[in-house]
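Hi,

Here is the structure I promised to pass on. Please have a look at it first, and then read my notes below.

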Amino acid sequence: MSDKKNTVFLILQDNEDARPIIEAVEQDNPDANIQYQPGMVRMEAAGRLLVNRVTVEENLGREWDVQELHLNLISLGGNIDEDEDKFEISWR
Amino acid sequence: MPAKKLNLRKRYELLTRGMGWETTYQKMDDVFPYDSFEGIKITDWDKWEDPFRLTMDSYWKFQAEKEKKLYAVIDSFAQNNGQTNLACASYLSAIKLFITGVTPLEYGAHRGFAHLGRHFRGDGARIACQMQAIDELRHAQTQVHTISHYNKHFSGLHDPFHQFDRVWYLSVPKSFIEDAMSSGPFEFITSISFAFEYVLTNLLFVPFMSGAAYNGDMATVTFGFSAQSDESRHMTLGLEIIKFMLEQHEDNLPIIQRWMDKHFWRAYRLLGLVAAMQDYMLTNSPMSWKEAWEVYFVENGGALFEDLSRYGLKMPKYHELATAEADHISHQIWSVFCSLGNATGFHTFLPTEEKMAWLSEKYPDTFDKYYRPRFEYWAEQKKAGTFEYQKGLPQLCQVCQIPMVFTEVQTDPMQISYRVTEHGGDKYHFCSDGCKDIFEHEPEKYVQAWLPVHQIYQGNCGGPTLPEVLDWYKFKPEDSGDYIGSKDYHRWQEWKGADKKVKQA
């Protein structure tokens, strides 16, 4: 296999609840490619994509439970690692 | 001071470890009679882990919130007559196919997972399946609730569950889910959670639902994306079960590879219906079937299988053919529906000039060469009043049950792809090597297939004539035929004409 990292992705609904999360993804994953499609936002990155609780909370101005992500989640591709502080998608 | 809340990992562990026990009054094999005959070897169920680590309290909390949001949108859609904001009433053919073809699949998946939620020996796996069983029931219910609004205004949406068990093209999804449901639990979960949900379901719920948004159907987008939020969890479960089985024992690999090959092909054939929905039935398509296939299968699916290659799992057999067929299947399937449009529970319509220009652009190698002439020929015939629906009934593939319309895309795209095999002195026909392989591995299963065309000829479907069969399907006369001139069409024209008055008032 080449060194090229395979694409992981996360798709959220395009709505007000998801916006602080999308912004957090942009902040924490500067190389992520963010695509706005009808009704949804697709975020892609090479190898790894991170949703960081602290960043979302800063954008949102309140405490945020990482599992709230489920409410606006549409799809994802990659292995998941989730705990109190982050939601991470990766291909090895 | 209240006790410190346990962390996610700990809470999940308490829920899923030690809730079950080694039975003593009855043998474990009698309590869990189904999880060993398939040959999958599990040495340690405790290695099972749900990466989301969802506990029941969080599950109920988040699902309740999803439901509240969903029903709020549906209520406002109904109160504001959202149906009048669709791109065109012809778009609803896609929704009619969805409620009759997909919603009963959700219900079938509910039954399947409820069964697994009882019969897996590991408590973690049982809990994950129980949650999924509830999810699938929720999906079936939200779809029925959403679409019932359209049923007040449009034809063809009145009897989805009655039709699922009878109608010729609905036997395609029915045979798919029943094939999985009549397998053992490990094959069922490989089929539904992995081959269907992880590898292929994005093609159904993501670009198609985005397409619904693009066509003003906010009600469908809402149930679609709400279902898909559960689907992400199911996909993750699907990947987890595959990795879990592969890590448990090396003997599991060849069994899983064969299931993967089989259910990839089964699910892919089923999605041919979605290809037609996406390219032809959506008034405006934001993304073609081929583009969606490139992104969600070739690229994302490729990454997935590359990750799984460390276990020795290979890309599913015939995936190259599926990619080559991406240039063809939507056109072929929509042609079938148009040529048998007097026997469909939704309206058919030929692609407009604008749509054909879009198809030429999206399918530069195939549309103008192979399919545009067919649609233009039919359009001329319709104009001249000489168009006739097909009189005979089509030959069906014994496995996927789709009429034999697929062609030899890698060698001669104008040649129908036929395969045949003999079993017990009878001949059986197939659309592809993929379907033929599936039959030959378990012929005793597939000789029992309930093929709608055979059943009509055997006199089991209401009678020998088309009106009798349609009556047995509970199709009403206004459900079928061309969109132009239909009851839906006239109602739409009335609304659009009346629209101005409403706004002035």
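**What I found**

Y318(B) is partly exposed, because 19 other C-beta atoms lie within 10 Å. On that scale a residue is buried if 20 or more other C-beta atoms lie within 10 Å of its own, exposed if 12 or fewer, and partly exposed in between, with C-beta atoms placed from the backbone. Y318(B) is in the loop between α14 and α15 (319-325) of chain B. Helices (H or I, at least four residues) and strands (E, at least two) are DSSP runs, numbered from the N terminus. The phi of Y318(B) is near 65°, a positive value in a residue other than glycine.

A word on conventions: this is a predicted model, so local features need pLDDT of at least 70 and side-chain atom pairs count only at pLDDT 80 or more, while totals for chains, interfaces and linings use all residues. Residues are numbered from 1 along each chain as its sequence is written, and chains are lettered from A and ligands numbered from 1 in the order in which they are written.

R53(B) is another residue to look at: it has a positive phi of about 50° although it is not a glycine. For background, most residues other than glycine have a negative phi. R53(B) belongs to the loop between α2 (28-31) and α3 of chain B, and it counts as buried because it has 20 C-beta neighbours inside 10 Å.

**An enclosed helix in chain B**

Helix α10 (residues 207-214) of chain B has eight of its eight residues buried, so it is largely enclosed by the rest of the structure. Among these buried residues are F208(B), M209(B) and Y214(B). What do the buried residues of α10(B) pack against? They pack against β2 (33-37) and β3 (40-46) of chain A, together with α9 (185-205), α11 (218-248), α13 (272-281) and α14 (289-308) of chain B. Contact here is between two residues whose C-beta atoms, placed from the backbone, lie within 7 Å. Just after α10(B), G216(B) takes a positive phi of about 80°.

**Where the chains meet**

In all, 30 residues of chain B are in contact with 26 residues of chain A. On the chain B side, the elements that give two or more residues are α1 (8-16), α3 (56-79), α10, α11 and α14. The largest share, seven residues, comes from α11(B).

**R269(B)**

R269(B) sits in helix α12 (residues 252-270) of chain B. R269(B) is buried, because 26 other C-beta atoms lie within 10 Å. Leaving aside residues up to four places away in sequence, R269(B) touches C400(B) and I402(B). From R269(B) to E250(B) it is 19 residues in sequence and 30 Å in space, C-alpha to C-alpha.

**A sheet in chain A**

Chain A has an open sheet of three strands in the order β4-β7-β6, with antiparallel pairing; two strands pair if DSSP finds at least two bridges between them. Its edge strands are β4 (48-52) and β6 (79-82), each pairing on one side only. Four bridges join β6(A) to β7 (residues 86-90) of chain A, and N79(A) stands opposite S90(A) in β7(A). Helix α2 (residues 53-60) of chain A packs on the sheet, touching β4 and β7 of that chain, and its direction makes about 50° with that of β4(A). For that angle, axes are lines fitted to C-alpha atoms, for helices over the stretch in contact, and angles run from 0 to 180 degrees between N-to-C directions.

Best wishes
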